Amino acid sequence: MNVTLWIIASLLAALFLAAGLGKALQPKEKIIESSGAWAGDFSIGALRTLGLLEILGAIGLVLPAAVDVAPALVPVAASGLALLMAGAAVTHGRRAEWRNVALNIVLLVLAAVVIWGRFGPHAF
């Protein structure tokens, strides 16, 4: 199970790092073009903040355990990303973007598996 948790955390980290960098570094028009019309409802500052939170969450999923410094931060990072996905699901649900809601729920469930495993039976 430990290997499975590492794989899930690594995949989530790669996905959130890419998404976060896109929001943190691109102009708003590019974010809307690549992420969807929902981004138009948010200020560039809010989008940058979301991007930064995704980047920090991605780093927190892997780095603490990889360097064995404060590995208890891994489930904390997963918890933060799960909360982000819950908020994203609500935002997309209000806009009737059901495909995005489904993706948010899948990512939330994967983060929940990491939370369960790293806070529970497979903690570092």
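Q: Where is leucine 52, and what makes leucine 52 partly exposed?
A: Leucine 52 sits in helix 3 (residues 44–66); helices here are DSSP runs of H or I with at least four residues, numbered from the N terminus. Buried means under 20% relative accessible area, exposed means over 50%, and partly exposed is in between (1.4 Å probe, protein chains only). Leucine 52 has 46% relative accessibility, so it counts as partly exposed. A word on the source: this is a predicted model, where local features need pLDDT of at least 70, side-chain atom pairs count only at pLDDT 80 or more, and totals for chains, interfaces and linings use all residues. Residues are numbered from 1 along each chain as its sequence is written, and side-chain values use heavy atoms, with hydrogens and water left out.

Q: Which residues form the nonpolar patch on the surface?
A: Leu52, Leu56, Ile59, Leu63, Val67 and Val69 form it, with about 540 Å² of accessible area together. Members of such a patch have over 30% relative accessible area and no salt bridge, and nonpolar side chains (Val, Leu, Ile, Met, Phe, Trp, Tyr) are joined within 5 Å. A salt bridge would be a side-chain nitrogen of Lys or Arg within 4 Å of a carboxyl oxygen of Asp or Glu.

Q: Why is the pair of tryptophan 38 and phenylalanine 42 called edge-to-face?
A: Rings of Phe, Tyr and Trp (its six-membered ring) pair if their centres lie within 6.5 Å; planes under 30 degrees apart are stacked, over 60 edge-to-face, and the rest tilted. By this rule there is 1 aromatic pair. The ring centres of tryptophan 38 and phenylalanine 42 are 5.7 Å apart and the planes stand at 75 degrees, so the pair is edge-to-face.

Q: Are tryptophan 38 and phenylalanine 42 buried or partly exposed?
A: Tryptophan 38 counts as buried because its relative accessibility is 9%, while phenylalanine 42 is partly exposed, at 26%.

Q: What do the buried residues of helix 4 pack against?
A: Those residues, among them Val74, Leu81 and His92, pack against helix 1 (2–25), helix 3 and helix 5 (98–119); contact means heavy atoms within 4.5 Å.

Conventions: Patch = residues over 30% accessible without salt bridge, like charges linked within 9 Å, V, L, I, M, F, W, Y side chains within 5 Å. Areas by Shrake-Rupley, 256 points an atom, 1.4 Å probe, with all protein chains shown as cover. Helix = DSSP H or I, 4+ residues; strand = E, 2+ residues; numbered from the N terminus.
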